[in-house]
Every structure is written in structure tokens, then in C-alpha cells.
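Hi,

Here is the structure I said I would pass on. Have a look at it first, and then read on for what I found.

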Amino acid sequence: MKAIILLGPPGAGKGTIAERLRSGAGYIHVSTGDMLREAIKSGTPSGMEADVFMKRGDLVPDSIIISIVEDRLSGFDSDASLMFDGFPRTLKQADMLGGMLSRKGAVLKRVFFLDAPDDLLVSRLCGRRICRSCGVNYHVRNVPPKKTGICDVCGGELYQRADDHEDTIKNRLEVYKRQTSDLIKRYEADGVLLRVDSSRDVNEVVGDMMDDLGICRCCG
Ligand code: AMP
């Protein structure tokens, strides 16, 4: 088993990049944000508890995160390539991940630190729209759907995430900076961190990441 981590502020493009690495290189996308939204939708007790924190843009307590990640990972076999998106966000979560990987004899190959200026992040998040049916992402200006509010791929309804409003976004960015600076230092010291400028076109960003992972840009 091997693992990579996509570390970066909300709006750095982690979801889009993850989708490209999934389809192009077979990495399994493990997104704690997606798992929490799923838990809220299904009305599970952890979902209900997490909802309060997420609406404010605060971090969900480590105990909830650790338990949903442990559940998710128990099913993977030893040759899986895992890609963590939005996890870990705290040193405690990083310790848990490190322990779990070493128990499975897995290596943490790379931590990509996807970085972009705050004003770009805010404008990306405010304009983000997501298809309720198939999950494809749009942006009202940068990647608009052909018909306002309707997904080009499946005809589903587009919605704006509850935490993609400007006030919540500012709090999410502050929380992110406070919590992740220690993680960046930790992974830098471990020699696995690679800083990637994610204000660029996503094709360039993904291309650089694939080169770093030794994956062919054309055939995976
Ligand atoms: P994301 O989809 O990664 O932007 O996450 C959306 C929200 O889910 C965050 O603002 C947090 O409230 C919560 N969340 C997601 N992943 C984590 C995590 N690893 N630790 C704590 N909270 C998280």
C-alpha cells in the first residue's frame, strides 16, 4: 500500500486534482469532507455532530475524523494506492495516519502542499457550484455550465455548498492556516513535502504532480 496527501487550503483545487489522479493514475480518493457530507446526508450520529462544526467552517473534532477514516480504510488491500484529500488537518490526525500506514507496512510517498493566494481562493470558492447528482464541479465565471444551474454531464441540479459563502470561507481559511502550519513543518522535516503552485492551470499542476510521482502524463 502507498499513500499520498493533498494538503492545501479550501479552494486550492484538491477535489479537481484528486479526480484527475484517480482517473489518470488509479489513486483511491479518500476525502474526509466528502465522507462527512455523506454522513450528514444519511443522518448518522457522527454526521449530526459534525454538521454544527462544518456550518461554522470549524474543524470537526479529531475523534469523529479518526473513527470515520479508520472505518473507511479497514477495507483496502495491501496494493491500494491511497490519496488523502483534506486529511490530516491536525498533528493528532497525522499521528493516527502515520501509525495506521506503518501497521499496514505502507509508505507515505509524498505530501503535496497546494498553495495559492487568498483572494484567488475566495473567488474560486464563492463561485463554485456542484452537481447534486454526479458531483462534477463548475465555477460561475471560470467553468460555467452551458445552462445556468444545470449540469452539462447529467442534467442534474447545481448547488452551492453551505460553507462556500464569503463569511464562512474567511473563517475556513483562518482555521486552515492555524491548524496546518504545524503539519507543513512536520512533513517538511520528514522530507516528503513538495510545494506546488496551484494558482496555475490545473493541467500544469496535475502534470507536475504526475512527473514527481513517476507516472506517465499520457497513459498513467
Ligand atoms: P473540505 O471538503 O475538505 O473543504 O471540508 C469541509 C469541512 O469539513 C471543513 O471545513 C471541516 O469542517 C470538515 N473537515 C473535513 N475534513 C476534516 C478533517 N480532516 N478534520 C477536521 N474537519 C474536517
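The hairpin of S5 and S6 has five residues between its strands, and there glycine 135 takes a positive phi near 85°. Most residues other than glycine have a negative phi, and most peptide bonds are trans. Helices (H or I, at least four residues) and strands (E, at least two) are DSSP runs, numbered from the N terminus.

Before going further, a word on the source: this is a predicted model, in which local features need pLDDT of at least 70 and side-chain atom pairs count only at pLDDT 80 or more, while totals for chains, interfaces and linings use all residues. Residues are numbered from 1 along each chain as its sequence is written, and side-chain values use heavy atoms, with hydrogens and water left out.

S5 and S6 pair in the antiparallel sense over three bridges; two strands count as paired if DSSP finds at least two bridges between them. Asparagine 137 in S6 is the bridge partner of isoleucine 130, and isoleucine 130 also stands opposite tyrosine 159 in S7. Strand S5 (residues 128–131) pairs with S7 over two bridges, again antiparallel. Together the three strands make an open antiparallel sheet in the order S6-S5-S7. Strand S6 (137–139) and strand S7 (158–159) are at the edges with a single partner strand each, so one side of each has no neighbour in the sheet. Helix H6 (residues 118–126) packs on this sheet, touching S5 and S6 (contact means heavy atoms within 4.5 Å). The direction of H6 makes about 40° with that of S5; axes are lines fitted to C-alpha atoms, for helices over the stretch in contact, and angles run from 0 to 180 degrees between N-to-C directions.

There is also an open sheet of five strands, with parallel pairing and the order S2-S3-S1-S4-S8. Its edges are strand S2 (28–31) and strand S8 (193–197), each with a single partner strand, so one side of each is left without a neighbour in the sheet. On average, neighbouring strands of this sheet are turned by 25° against each other, direction ignored. Strand S1 (residues 2–7) and strand S3 (residues 81–85) pair in parallel over five bridges, with isoleucine 5 opposite phenylalanine 84 in S3. Two helices lie across S2 and S3: H2 runs at about 65° to S2, and helix H4 (residues 62–73) at about 160° to S2.

Do look at the loop between S3 and helix H5 (91–103), where proline 88 lies. The peptide bond from phenylalanine 87 to proline 88 is cis, with omega near 0°.

What surrounds the ligand? The shell has 16 residues, the closest being Thr32, Asp58, Gly86, Arg89 and Gln93; a residue is near a molecule if one of its heavy atoms lies within 4 Å of it. Helix H2 (residues 32–42) gives the most to this shell, with four residues. For polar contacts (pairs of N or O atoms within 3.5 Å), a polar side-chain atom of arginine 89 lies 2.9 Å from a nitrogen atom of the ligand. An N or O atom in the side chain of glutamine 93 is 2.9 Å from a ligand nitrogen atom, and one in the side chain of arginine 172 is 3.4 Å from a ligand oxygen atom. The protein buries 96% of the 480 Å² that the ligand exposes when taken alone (Shrake-Rupley method, 1.4 Å probe).

Best wishes

Notes:
Polar contact = N/O pair within 3.5 Å; in protein donor to acceptor, adjacent residues only side chain to side chain.
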